Amino acid sequence: MPATPDTQSGDPDTRVTWPCPGVSAHPVRVTSKRLALDWESVPQGRYRVTEHTCSCRMVFYELISCGGTYMIHRVIQNRPPEHAFAGRWTLREAREMWRQVLTGQAR
Ligand SMILES: [Zn+2]
């Protein structure tokens, strides 16, 4: 079967929606055997952004430092934007999870 191109109905994580500033990472299409993260609607408290993916996508991610632990923040750029938070990791664990999110192994 031929591969189907990314269309409007495709994976929202890889859909390009806005002009790309071309400076940040772009997560790749999710793999079929991905790890499903446990998304919550609120963070553990105030947080600081450590890394982020490109905001040209419908969905972007941030690696955040939050009350001594690390989480991943997912933003779906709807109106209003939808926010979700996963994890409560050490920096080492969070960096590994961040890598998996970028490479489509976890979402
Ligand atoms: Zn971009």
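Q: In what order do the elements of the protein run from the N terminus on?
A: In this predicted model, local features need pLDDT of at least 70 and side-chain atom pairs count only at pLDDT 80 or more, while totals for chains, interfaces and linings use all residues. Residues are numbered from 1 along each chain as its sequence is written. Helices (H or I, at least four residues) and strands (E, at least two) are DSSP runs numbered from the N terminus, and the protein has one helix and four strands. From the N terminus on, their order is β-β-β-β-α.

Q: What radius of gyration does the protein have, and how does this value stand against that of a compact globule?
A: The radius of gyration is taken over C-alpha atoms, and the globule rule is 2.2 Å times the number of residues to the power 0.38. For 107 residues a compact globule would come near 13 Å, a value with which the protein agrees. Along the principal axes, the C-alpha atoms fill a box of roughly 45 × 30 × 25 Å, and the radius of gyration of the protein is 14 Å.

Q: Over how many bridges do β2 and β3 pair?
A: Two strands count as paired if DSSP finds at least two bridges between them. Strand β1 (residues 47-52) pairs with β2 in the antiparallel sense over five bridges, with V49 having I64 as its bridge partner in β2, and E51 standing opposite L63. β2 and β3 are also antiparallel, with F60 opposite V75 in β3, and the number of bridges between β2 and β3 is eight.

Q: Which residue takes a positive phi in the hairpin of β2 and β3?
A: β1 and β2 form a hairpin with six residues between them. The hairpin of β2 and β3 has two residues between the strands, and the residue there with a positive phi, near 55 degrees, is G67.

Q: Is S65 buried or partly exposed?
A: S65 has its place in strand β2 and, leaving aside neighbours within four places in sequence, is in contact (C-beta atoms, placed from the backbone, within 7 Å) with Y47, R48, T50 and Y70. Because S65 has 15 C-beta neighbours inside 10 Å, it counts as partly exposed.

Q: Which peptide bond is cis, with omega near 0 degrees?
A: One of its two residues, P80, lies in the loop between β3 and β4. The cis bond is the one from R79 to P80.

Key:
A residue is buried if 20 or more other C-beta atoms lie within 10 Å of its own, exposed if 12 or fewer, and partly exposed in between; C-beta atoms are placed from the backbone. Two residues are in contact if their C-beta atoms, placed from the backbone, lie within 7 Å.
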